[in-house]
Amino acid sequence: METQKTGKVFLVGAGPGDPELITAKGMIRLNDCDAVVYDSLSSDRLLALAPENAEKIYVGKRAGHHSMKQEEINEILVRLGKEGKTVVRLKGGDPFVFGRGGEEIQALQAAAIPYETVPGVTSAVAVPEHVGIPVTHRAMSRSFHVMTGHTLANGETLPPDFPAFARLSGTLVFLMGLGNLHPIVEGLLAAGKPADLPAAVIENGTLPEERFVKGTLGTIEKLVKEAGIGTPAIIVAGETASLDMRGTICRPLDGIRVSVTGTESFSERLIRSLTALGARAENICRMGVRSFAGGAEMRRAYRNLSSYTWTVFTSANAVRLFFEGLLEAGLDYRSMGHLKLAAVGKGTAQELRRFGFLADYVPDRYQVEDLARGLGELADGRDRILIPRSAGGSRAMNEILENEGIPYDDVVLYDVKTEWRERKSLAEILRSSQYLTFASGSGVDAFFDGLTDIEQQALDQVRIVCIGDVTAKALKKHGRQADLVAANFSIPGMTAAIAQDAAERKN
């Protein structure tokens, strides 16, 4: 009798919040796992690094909103390990810096589950550094000390060793202590720290929502209240809090916040393109795909591949799902040998290359109408075209092909479903964004489905960017005109449009 294989658990430090600050080793572990157990400080972009079919279990905890007890989290890790799965426990910052990683390891040790820790960039150092505060500086601070604000009991008493901690020289850093800011300040003053000692409080450090205030121990509480600083936040007290060593390399989208919608793959590539220019970009509405490659229509299309002369792909998703379905239908790439392939744009053509095929035709402008017109010149009534695509695909191609008298089969290969990052915070997110991007008409329809009046009002304050004319037309159906349409219907085109618009609006 074969015994079940024991799995393994990797405790991975996700870093301070910015997904680009995870370590290379952490990314590798995420790329090859069966399950991710994550908390609320992890970016959705990090979850996108895990395999699409990986189980994702949220166990997030924020101050005052503990969704799961630590013992329950331990039990989940042990259970998944006993099921033989490779598990990533994704923890904000570093697993051992107030992350309770030690407790999780003790549970794994007791259950004889193999484990490994992957250190992460701790927010105690990275968050102050991101706003220009070094925790050490020659002749100013020769040491730094970190304490968790959660050791305070109900905001009323300080831990017994607090006076000794407060008397230490150097920079003092308090994690998760915003709710206890007053007793922390009072305790520092009572221990002899001067009221004019520089201090800072940083909210959502390294993330697009980052905000901070700087002052002194005597003024910091008032400044935090006036600015409405919230959790999660880090408190810094020490001479170095007066410094401003933020980077001075100027990028065209510095300070610009872009809310991105689209599929996981597209959004990740657009976000990388935007952040390279300094933007704070985040996917707020992921368009997931539901494949119908195994449905009756697609099975019929696979069986009749020999009757087609062209296969037309209007998205990278269509390429991927088509070839996955081809193999599941019991066929292989030899059944495609007689076909010519068309791709709507460079990204779709690149996805074809990934499967070992070169596109026979890609239009100069990456939109469906140009693709259809080009096919109208290349094909005739003797051809027959297969178009496997999204359920919300544009009818423009159908009309052009029909006018040219070219036979075609338009088959639904997949549908788009909406996955919101934080649906209840959508209005607030839109109000704090300068741009909102759409990459497809189906994405526009999915976004506007169920939009409330408050969200609609917030949407009126943001500039909407569409990848092309078809997407802009879909937007217009919902009563909103696109502020920007990419000249080149691609990720570089969208990035360039935003950069140019931002520059013009600054002048």
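Me: Which residue in β7 does F10 stand opposite?
Reply: E116. Bear in mind that this is a predicted model.

Me: How many bridges join β1 to β7?
Reply: Four. β1 covers residues 8-13, and the two strands run parallel.

Me: What packs on the sheet there, touching β1, β6 and β7?
Reply: Helix α4, residues 101-110. Its direction makes about 175 degrees with that of β1.

Me: And which strands does α1 lie across?
Reply: β1, β2, β6 and β7. Helix α1 spans residues 24-31 and runs at about 140 degrees to β7. For reference, β2 is 35-38 and β6 is 86-91.

Me: Back up to the sheet. What's the strand order?
Reply: β3-β2-β6-β1-β7. That makes five strands in an open sheet, with parallel pairing.

Me: Which strands stand at the edges?
Reply: β3 (55-58) and β7 (115-118). Each has a single partner strand, so one side of each is left without a neighbour in the sheet.

Me: What does the twist average?
Reply: 15 degrees from one strand to the next.

Me: New topic: α16. Why is it largely enclosed by the rest of the structure?
Reply: Because seven of its eight residues are buried. The cut-off for buried is under 20% relative accessible area. Helix α16 runs over residues 441-448.

Me: Which residues are buried in α16?
Reply: G441, S442, G443, V444, A446, F447 and F448.

Me: What about just after α16, which residue takes a positive phi?
Reply: G450 does, at about 80 degrees.

Definitions and conventions
Residues are numbered from 1 along each chain as its sequence is written. This is a predicted model: local features need pLDDT of at least 70, side-chain atom pairs count only at pLDDT 80 or more; totals for chains, interfaces and linings use all residues. Side-chain values use heavy atoms; hydrogens and water are left out. Buried means under 20% relative accessible area, exposed over 50%, partly exposed in between (1.4 Å probe, protein chains only). Two strands pair if DSSP finds at least two bridges between them. Axes are lines fitted to C-alpha atoms, for helices over the stretch in contact, and angles run from 0 to 180 degrees between N-to-C directions. Contact means heavy atoms within 4.5 Å.
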